[in-house]
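Subject: Structure handover

Hello,

Here is the structure you asked to take over.

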Amino acid sequence: MDQPTNTAEGAPRQRPMLPSWTLTVTDAFDVTPQLRRVLLGTDRIAEFTYKPGQDIVFFLPLENGELGRRHYTIRKVDRETGTIAVDFVMHGDSVGPNFARGAKAGDAVEVKGPRGRIVFNPEADWHLLTGDETCIPGILHILEELPARSRAFAFIEVQDASWQMPLDTSGDVSMEWIHRGEIPAGPNNVMLDRLSAFALPDGQGQALVIGETSNVRAQRRHLLERGMQRSQIASEGYWRPGRLGGHDHVDD
């Protein structure tokens, strides 16, 4: 059974009871030099209900023989083939990228989910999405599934143009890839500076703010200072320096 985890405020947060799945690798290939897609099959695909932007929790073997929890966003679901696509950012020698690198047809993996609150709000007049390389799968999937004429603004921080990917959507999307160049990934002001220059549209908006935890927290506070309400902002830290696995709930 999942155990409580601690929030930033120190109070225990009970993990929800999530559906369990045994998925089987059907294929694995590079989408770009930095992103590798793993297709995972199940004969229970009709039971797999999710919202674009949500993730599944992988239980992957660690060096000590135990299983580590790793969260990866659902990139696409193909109901006809019964497969779930997950894109892995291939950064370094760590558990997730190593799994994707070695994945071959027939391999089985245990996951739980879907889970997550970074999802589209159909009641909002407009949508703001911000993130870094780790957020590309989730942001692109949300934008691809937008209803026709839904208005969205997306800012994705990447090192350079090699990370950019095409977008096919029915939504009214303004998308900007922000190149940080030699500035290291992680805590920085790249996205905050761009967000400060962004004029919030009229109407009731929704912001989905994801990426490195300290950057997410700074962006959330900035949007609150500019008049957005807490209920209008869904924010989650996908990673932070020194942390292995898990997400940070950013609610302050």
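This is a predicted model: local features need pLDDT of at least 70, side-chain atom pairs count only at pLDDT 80 or more; totals for chains, interfaces and linings use all residues.

Residues are numbered from 1 along each chain as its sequence is written, and side-chain values use heavy atoms, with hydrogens and water left out.

Pocket and cavity

Both come from a 1 Å grid over the protein atoms alone: a cavity is a set of points where a 1.4 Å probe fits but cannot get out, a pocket is an open set with protein on both sides within 12 Å along at least five of seven lines, and lining residues have an atom within 4 Å of a point. A volume is the space filled by probe spheres set on the points, which are joined across faces, edges and corners.

The largest pocket has a volume of about 940 Å³. Its lining has 40 residues, with Y72, H91, S94, P97 and W239 nearest the centre. Two or more lining residues come from each of β5 (55-61), β6 (67-78), β7 (83-89), α1 (95-102) and β13 (233-239); α1 gives the largest share, 5 residues. (Helices, H or I of at least four residues, and strands, E of at least two, are DSSP runs numbered from the N terminus.)

The whole structure holds 1 cavity of 30 Å³ or more, and the largest cavity has a volume of about 50 Å³. Among the residues lining this cavity are T130, D132, E157 and M191. β12 (205-212) contributes the most to that lining, 3 residues.

Cores

A nonpolar core is a set of buried Ala, Val, Leu, Ile, Met, Phe, Trp, Tyr and Cys residues joined through side-chain atoms within 4.5 Å; buried means under 20% relative accessible area, with a 1.4 Å probe and protein chains only. The largest core has 25 residues, and V38, F48, F58 and F88 have the most contacts inside it. β3 (20-32) supplies the largest share of this core, 4 residues. Another core lies apart from it, with 22 residues, including C135, L143, I156 and A234.

Regards

Key: Buried means under 20% relative accessible area, exposed over 50%, partly exposed in between (1.4 Å probe, protein chains only).
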